[in-house]
Amino acid sequence: MTNRVALVTGGNGGIGTEICRQLAAAGYRVVTTCVDPDKEKIREWQAARKSEGYDIHWVQCDVSDFESCRQMAQKVEAEVGPVEILVNCAGITRDSFLHKMDKANWDAVIGVNLNSAFNVTRQFIQGMRERGFGRIVNISSINGQTGQFGQTNYSASKAGLHGFTMALAKESARKNITVNSIAPGYIETEMTAAIPEDVRNEIIKSLPSGRLGQPHDIARVVLFLVADDADYINGALIPVNGAQFCSF
Ligand code: NAD
């Protein structure tokens, strides 16, 4: 068991909730961010986790806004402690073909999925370096590896996120900080529930496993990567896609 502090952005989403549960079950002191506490019913979410036996803190933060992240970091470190584990999980989609895409939808996706990696990680990286320990996991996507119709914004953001991972891993390796990406395939959450049913059914039929992945499939890889002794796994991208896309 460990009692290190773990911050999960978007920890109240489909994949994030399971990451929070598994981190808390392993003894980490877990904090999630949420953008709008009332809209996201974060107090009910927190109470539900409490009833499962997990004490999870929350702090308001828009990960696409640097100043909001600065204030969030101050609050977390004052109220819970120095962040040693960071999971950049918050993400959105705003799909359309490029020839129909608004600039607002480009900017929103790049802001939440990619600029967030700078906005959030920048708050904690110096402390990790000074303490000589850090574990950072960035939730990328299979669609960042392969590209996807209607997702030039999303695919660019997720491919960019892994570029960030590789560069920061090199900068940080001598300080016992690891930075890795996970590339989920299609996971059963609200994000995939938003795909039109006929399209989703076609996707499921085309998957080698014949089913969507589950949030716990991602959470178990996060737990593996953040372990104290996972210190030589650095700058990697771990696909979790049920053999949908295989590469070497
Ligand atoms: P979700 O929609 O259930 O959760 C997304 C989370 O991000 C929510 O908690 C939301 O509050 C948070 N968020 C959104 N905008 C934010 C902002 N501006 N500031 C702070 N938080 C914000 O989605 P999910 O399916 O759980 O996805 C989690 C991550 O996994 C995302 O990065 C997503 O791109 C990635 N992913 C998901 C799938 C999938 O099939 N579900 C596949 C590949 C990658």
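## A glycine between H1 and E2

Leaving aside its neighbours within four places in sequence, which residues is Gly27 in contact with? They are Met1, Thr2 and Asn3. Gly27 itself sits in the loop that runs between H1 and E2. For a sense of scale, take Val240: 213 residues separate Gly27 from Val240 in sequence, and their C-alpha atoms are 24 Å apart in space. Do keep in mind as you read on that this is a predicted model.

## Two nonpolar cores

The largest nonpolar core has 29 residues. Within this core, the residues with the most contacts are Ile19, Leu23, Val87, Ile139 and Ile182. Several elements each supply at least two of its residues: the strands are E1 (5–8), E2 (29–34), E4 (83–88) and E5 (134–139), and the helices are H1 (14–25), H2 (42–51) and H9 (215–226). Helix H9 gives the most to this core, with seven residues. In soluble globular proteins, nonpolar side chains tend to be buried together.

Setting aside residues up to four places away in sequence, Ile19 touches Val8, Val87, Cys89, Ile139, Ala219 and Val222. There is also a second, separate core, made of 27 residues, and Ile92, Phe124, Tyr154 and Ile177 are included in it.

Glu18 belongs to helix H1. Is Glu18 buried or exposed? Its relative accessibility is 16%, so Glu18 counts as buried, because the cut-off for buried is under 20%. Residues up to four places away in sequence aside, Glu18 touches Pro215, His216 and Ala219.

Leu168 is a residue of helix H6, and with a relative accessible area of 10% Leu168 is buried too. Beyond its neighbours within four places in sequence, Leu168 is in contact with Thr121, Ile125, Ile136 and Val179. Gly213 lies 45 residues from Leu168 along the chain, and the C-alpha atoms of these two residues are separated by 28 Å.

## The ligand and its surroundings

Around the ligand there are 27 residues, and those that come nearest are Asn12, Ile15, Tyr154, Ile187 and Thr189. Tyr154 is a name you have already met, as one of the residues in the second core.

For Cys89 it is a backbone N or O atom that lies 2.8 Å from a ligand oxygen. On its own the ligand has 820 Å² of accessible area, and the protein covers 89% of this.

## Aromatic pairs

How many aromatic pairs does a search of the whole structure find? The search finds two. One of them joins Phe66 and Phe118, which are stacked, with 5.7 Å from centre to centre and 20° between the planes. This pair links distant parts of the chain, since Phe66 is in helix H3 (residues 66–79) and Phe118 is in helix H4 (residues 103–131), 52 residues apart. Phe66 is partly exposed, with a relative accessible area of 36%, and Phe118 is partly exposed as well, at 44%.

The other pair is Phe97 with Phe149: the ring centres are 6.5 Å apart and the planes stand at 80°, so this pair is edge-to-face. Here too distant parts of the chain are linked, as Phe97 is in the loop between E4 and H4 while Phe149 is in the loop between helix H5 (142–146) and H6, 52 residues apart. Phe97 counts as partly exposed at 43% relative accessibility, whereas Phe149, at 71%, counts as exposed.

## Backbone angles worth a look

Most residues other than glycine have a negative phi. Asn176 has a positive phi of about 60° although it is not a glycine. Asn176 is in the loop between helix H6 (152–172) and strand E6 (177–184), and its 30% relative accessibility makes it partly exposed.

Ala243 is another non-glycine residue with a positive phi, of about 70°. Ala243 is placed in the segment after strand E7 (237–240), and with 42% relative accessibility Ala243 counts as partly exposed.

Definitions and conventions
Residues numbered from 1 in each chain as written. Heavy atoms only, no water. Core = buried A, V, L, I, M, F, W, Y, C linked by side-chain atoms within 4.5 Å. Buried < 20%, exposed > 50% of the residue type's maximum accessible area, 1.4 Å probe, protein only. Helix = DSSP H or I, 4+ residues; strand = E, 2+ residues; numbered from the N terminus. Contact = heavy atoms within 4.5 Å. Near = heavy atom within 4 Å. Polar contact = N/O pair within 3.5 Å; in protein donor to acceptor, adjacent residues only side chain to side chain. Areas by Shrake-Rupley, 256 points an atom, 1.4 Å probe, with all protein chains shown as cover. Phe/Tyr/Trp six-rings, centres within 6.5 Å; stacked < 30°, edge-to-face > 60°.
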